[in-house]
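We will hop from one selection to the next.

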Amino acid sequence: MSGARLVRSAIKAASSELAESIGEQLASPHHRFRIVHAEDLLESERNAIWMIFESNMRAFYTSSSFGWDPRAKWKELFNSLSRFYLAYQAAASELIGFAMFRFEYEDQESVLYCYDLQVTRIFQGTGLGKTLMRQLAKIGSAWKMEKVMLTVFKANTRAFQFYNSTGFVVDSCSPSCAEDGSDVDYEILSMRLT
């Protein structure tokens with residue numbers, strides 16, 4: 001099956017089908033996980049996602065070339081093609097992290113693109129982010145994506161180090177790899193799955 005057809009198939013998959021890709025990992029003694037299409041999020045989940053995102057990223061966006069545009073970011077986050085891998089504290093219903101991703105066809109390759117990986121500050125450094133990324137890679141592999149991709153601000157050195165430690169490298173399509181050596185404030189990273 002061609003890459004474009006694989007992506008179309010993954011886009012049509014139900015949340016339950018994506019959850020089957022990672023099976024027993026949807027529960028743990030400390031966390032509870034849920035995979036959901038953007039359109040199926042509860043209003044309380046949308047608000048919690050936004051609060052985590054804004055708390056972690058507003059300063060980075062404000063000082064970046066993208067600028068802080070909450071309306072545009074809200075639209076991107078909750079696009080109808082967006083999928084969410086949500087993490088909750090097992091003992092509570094509080095959202096403590098999420099990964100927002102989409103299946104895309106980029107430069108002739110089938111890709112699981114992680115648009116956002118966010119963990120509340122109190123749970124950063126606990127391994128939750130690594131768990132979320134590991135599960136995204138499993139989903140990508142199960143749906144025969146060639147790689148996982150993401151964008152990271154260069155100023156977010158902690159995130160940059162985190163992604164490098166989980167196997168991501170600067171992708172050949174990143175602006176810094178361009179012949180003119182474009183001086184932009186972000187990099188595109190990827191991790192090959194096949």
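Start by selecting Asp107: at 58% relative accessibility, Asp107 counts as exposed (exposed means over 50% relative accessible area, buried under 20%, partly exposed in between, with a 1.4 Å probe and protein chains only). This is a predicted model, where local features need pLDDT of at least 70, side-chain atom pairs count only at pLDDT 80 or more, and totals for chains, interfaces and linings use all residues. Residues are numbered from 1 along each chain as its sequence is written, and side-chain values use heavy atoms, leaving out hydrogens and water.

Asp107 sits in the loop between β3 and β4 (strands are DSSP runs of E, at least two residues, and helices runs of H or I, at least four, numbered from the N terminus). Its phi is near 45°, a positive value in a residue other than glycine.

Next, colour the open sheet of 7 strands, ordered β1-β2-β3-β4-β5-β7-β6 with mixed pairing (two strands pair if DSSP finds at least two bridges between them). At its edges are β1 (31–37) and β6 (169–170), each pairing on one side only.

Select 147–153 and 186–192: these are β5 and β7, antiparallel over 7 bridges. Within this pair, Met149 has Ser190 of β7 as its bridge partner.

Finally, show helix α5 (128–142), which packs on the sheet and touches β1, β2, β3, β4, β5 and β7 (contact means heavy atoms within 4.5 Å). The direction of α5 makes about 160° with that of β4; axes are lines fitted to C-alpha atoms, for helices over the stretch in contact, and angles run from 0 to 180 degrees between N-to-C directions.
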